Amino acid sequence: MLSVSEARRRILAGVLPLPAEVVALSEACGRVSAAPVVALVSNPPADVSSMDGYAVRAADLSAGGVSLTCIGHAPAGHPFAGAVGAGECVRIFTGSLMPAGTDAVLIQENAQADGTHVATTHTLSPGTYVRHRGQDFSAGEVVIPAGRRLAAQDVGVAAAANHAWLTVTRRPRVAIAATGDELLLPGSPVGTGQIANSNTPMLAALLRAAGAEPVMLPALRDDMADLAALERMVDGVDMLVTAGGASVGSHDLVRRCLEQVGMTTDFWKIAMRPGKPLMYGHLGRLPFIGLPGNPVAAFVCSIVFVLPALRRMAGMAQPVKPPVRAVLGADVPANDQRMDHLRATLTHNEQGQLVATPFSMQDSAMLHILAQSQALVLRAPHAPAAQRGDVCEIIRIDPAMA
């Protein structure tokens, strides 16, 4: 059986970033930048005030106890047209352009205004309460690197850099098909021996949150002809993901069927729990990942293998997120030869440490426990028993999983 790290390395080696496209700034959040975003303007574009008050010459206040003549107002967007001389000032507001001749701002709390005169006992240094031109970034500076999943704050900086459109990687389109004669569309009457298909909607939700465009295929029967139809159902997608039919039972036909229609299998079986019967290969040029049918195993394998592959396809610079350190909230036994992924809750102890507490039940079909989990506690092959309070590594189960 392959190790988890080697299996993931092979999967990532077999997928390539998708082509780029240009989208409106309003549609860019959650997408991945395909090229560096270079500022078209400086921010701020000129020296501006960071506070409400009076634009002054700092030298005029060097002795304290001064009275200045206010010669105008400069609201944001309406710069003062003249120049400020010795003993003069201009009423100014946050974001207002600093008038010519001024180099500091006397905040209004420290000023006593009386008609056209402003008195103060405060002294100032040049640059006080002034945001200088390019203090945030300068024209020509890279403000967003290539390969970053764009958050709301990235959209903000791109807008400030005067971009209305951004070049991003096209969203991966992923076909999802669950297999099994027992599967029903959720909401259907459930007969003897039947269950609702939880894998397809769960995986589609996970992939959509990660920035992909899921294509939900109908559940396929454990039948060679039905499974062979997959080849005709995946035109225009960038990856095929199946759930079920990957084990060693007489009705686990996915691998045998797809190999008959041209799939090349890279590997099958991973030294991990849950998720040992995982397949990877290519159907022509189409990457294929065959997940186990147990829904918890399908979800865990998607986090460990499918999401990194999607990040690579989306052009992200770091497709594999590093694990996070925490401390155990419960004792765990020694591990066997497979890497374990224990579903766990997250809290903080009195010292502020992140505490991961594995559930006592870890069955790979228990979706209710998965829904209550915020993390996967990683247990290396042959890891010795660990006690509550010991340091461990976890993978967070974030709401977006991007």
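This is a predicted model: local features need pLDDT of at least 70, side-chain atom pairs count only at pLDDT 80 or more; totals for chains, interfaces and linings use all residues.
View 1. Residues are numbered from 1 along each chain as its sequence is written, and side-chain values use heavy atoms, leaving out hydrogens and water.

View 2. Helices (H or I, at least four residues) and strands (E, at least two) are DSSP runs, numbered from the N terminus. Of the 402 residues, 47% count as buried, meaning under 20% relative accessible area with a 1.4 Å probe and protein chains only; exposed is over 50%, and partly exposed lies in between.

**View 3. Zoom in on helix α1 (residues 4-13) and its buried side.** The buried residues are V4, A7, R8, I11 and L12. Looking down the axis of α1, these buried residues fall within an arc of 130°, so they line one face of the helix; the arc is that of the directions from the helix axis to the C-beta atoms. What sits over them? The cover includes β18 (263-268), β19 (272-273), β20 (279-283), β21 (286-291), α6 (295-313) and β23 (339-348).

**View 4. This close-up shows the largest nonpolar core, which has 41 residues.** Such a core is a set of buried Ala, Val, Leu, Ile, Met, Phe, Trp, Tyr and Cys residues joined through side-chain atoms within 4.5 Å. L207, M239, I270, L291, F305 and L310 touch the most other members. At least two residues each come from α1, β13 (173-178), α3 (199-209), β17 (239-243), β21 and α6. Helix α6 gives the largest share, 13 residues. Domain 1 and domain 4 each put in at least three residues. Leaving aside residues up to four places away in sequence, L207 touches V174, I176, A212, V306, L307 and L310, where contact means heavy atoms within 4.5 Å.

**View 5. Strand β22 (residues 324-328) pairs with strand β26 (residues 391-396) and with strand β24 (residues 354-358).** Two strands pair if DSSP finds at least two bridges between them. β22 and β26 run antiparallel, joined by 4 bridges, with V324 partnered by I394. β22 and β24 run parallel and share 2 bridges. On that side, L328 is the bridge partner of A356, and V327 stands opposite V355.

**View 6. Last up is the hairpin of β23 and β24, with 5 residues between the strands.** In the turn, G352 has a positive phi of about 85°. The two strands run antiparallel and are held by 5 bridges, and L346 stands opposite A356. Is β24 mostly covered or mostly open? It is mostly covered, with 4 of its 5 residues buried.

Methods:
Domain bounds come from an automatic or database domain assignment.
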